[in-house]
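My entries follow the display.

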Amino acid sequence: MTRRAVVTGASSGIGRATVHALRETGWEVIGVARRADRLEELAQETGADAFAADLTRQEDVAALAAYTSEAPLHALVHVAGGALGSDRVEDGDPDGWLRMYEMNTVSAQRLVRALLPQLRATSAREKTHADTLFVTSTAAQVAYPGGAGYNAAKAGEAMLVHALRQELVGEPIRVIEIAPGMVRTEEFSLTRLGDRAAADAVYEGVDHPLTAGDIADVIAYSVNAPGHVNLDLVTVRPVAQAAQHLVHRGSLAARD
């Protein structure tokens, strides 16, 4: 049976890599992002469908739900989100913090409200399971100076995921959370810090930060696992990152 998924954040980074990974394992995919030109390139590369939408706009999410209703939907893979700035609590920009909350937490709620009825209907009609998967962050688990706005937004999304899993108990709908640590993508740190040198410094000297493809592989494994298996929370870090605040810079080597 061919399964069909919505993947958000599909124009770059983890979302784009996830579209590739799911297509390679036989899924039909609707890639969702704001940048239509990037989505068109992705569609040509992978054969995926594409839908341009800003997930902080309710009218865009409603339009997406109308579009996906044309065929059975088996999975929602919510990757879109992001960080803005590295403000301390005392001098944080409330507008930026609200934007992060909308990008990460509220967008997840909008998508669940819009697409869960379709996932539920597919599950009932085909007598199979359905999937909701959310990419949060280790920032949802551990606070750090200059990260409070993003910490709060991702922690909010993670709590939404935990509550959703309890609310859906008894239904064959999996609720999966993937929490990446340090992942080097082309845009995340640049968007957050607004400066290429500062973005590159985040990963300087780190022996193999994770890649978008690494996280996409975990996502693909999660939704391709047998239907009775739910990966509640997968925390994924590079070996060089032992904890949120503890990163080894330099080559990894066994001690003598």
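**Packing around Leu-133**

I looked up Leu-133 and left aside its neighbours within four places in sequence; contact here means heavy atoms within 4.5 Å. Leu-133 is in contact with Leu-76, Val-77, His-78, Ile-176, Ile-178, Ile-219, Ser-222 and Val-223.

I then noted a second, separate core of 27 residues, which includes Val-112, Phe-134, Val-161 and Val-175. A nonpolar core is a set of buried Ala, Val, Leu, Ile, Met, Phe, Trp, Tyr and Cys residues joined through side-chain atoms within 4.5 Å. Buried is under 20% relative accessible area, exposed is over 50%, and partly exposed lies in between, with a 1.4 Å probe and protein chains only.

As to provenance, the model is predicted: local features need pLDDT of at least 70, side-chain atom pairs count only at pLDDT 80 or more, and totals for chains, interfaces and linings use all residues. Residues are numbered from 1 along each chain as its sequence is written, and side-chain values use heavy atoms, with hydrogens and water left out.

**Largest core**

Which members of the largest nonpolar core touch the most other members? Of its 30 residues, they are Leu-22, Leu-133, Ile-215 and Ile-219. I found that at least two residues each come from strands E1 (4-8), E2 (28-33), E4 (75-78), E5 (130-135) and E6 (173-180), and from helices H1 (13-24), H2 (36-46) and H8 (212-224). H8 gives the most to this core, with six residues. Helices (H or I, at least four residues) and strands (E, at least two) are DSSP runs, numbered from the N terminus.

**Aromatic pairs**

I counted two aromatic pairs. Rings of Phe, Tyr and Trp (its six-membered ring) pair if their centres lie within 6.5 Å; planes under 30 degrees apart count as stacked, over 60 as edge-to-face and the rest as tilted.

The rings of Phe-51 and Tyr-67 are tilted, because their planes stand at 40 degrees, with centres 5.1 Å apart. Phe-51 lies in strand E3 (residues 49-52) and Tyr-67 in helix H3 (residues 58-68), so this pair ties together parts 16 residues apart in sequence. Phe-51 is buried at 15% relative accessibility, whereas Tyr-67 is partly exposed at 24%.

The rings of Tyr-150 and Phe-188 have centres 5.8 Å apart and planes at 55 degrees, so this pair is tilted. It links distant parts of the chain, with Tyr-150 in helix H5 (residues 148-167) and Phe-188 in helix H6 (residues 188-193), 38 residues apart. Tyr-150 is buried at 6%; Phe-188 is partly exposed at 29%.

**Loop residues**

I located Pro-72 in the loop between H3 and E4, where Pro-72 is partly exposed at 32% relative accessibility. Its C-alpha atom is separated by 9.3 Å from that of Ala-5, 67 residues apart along the chain. Leaving aside neighbours within four places in sequence, Pro-72 is in contact with Arg-4, Thr-122, Arg-125 and Glu-126.

I also checked positive phi values outside glycine. Lys-127, in the loop between helix H4 (94-126) and E5, has a phi of about 55 degrees and is exposed at 76%. His-208, in the loop between helix H7 (196-203) and H8, has a phi near 60 degrees and is exposed at 65%.
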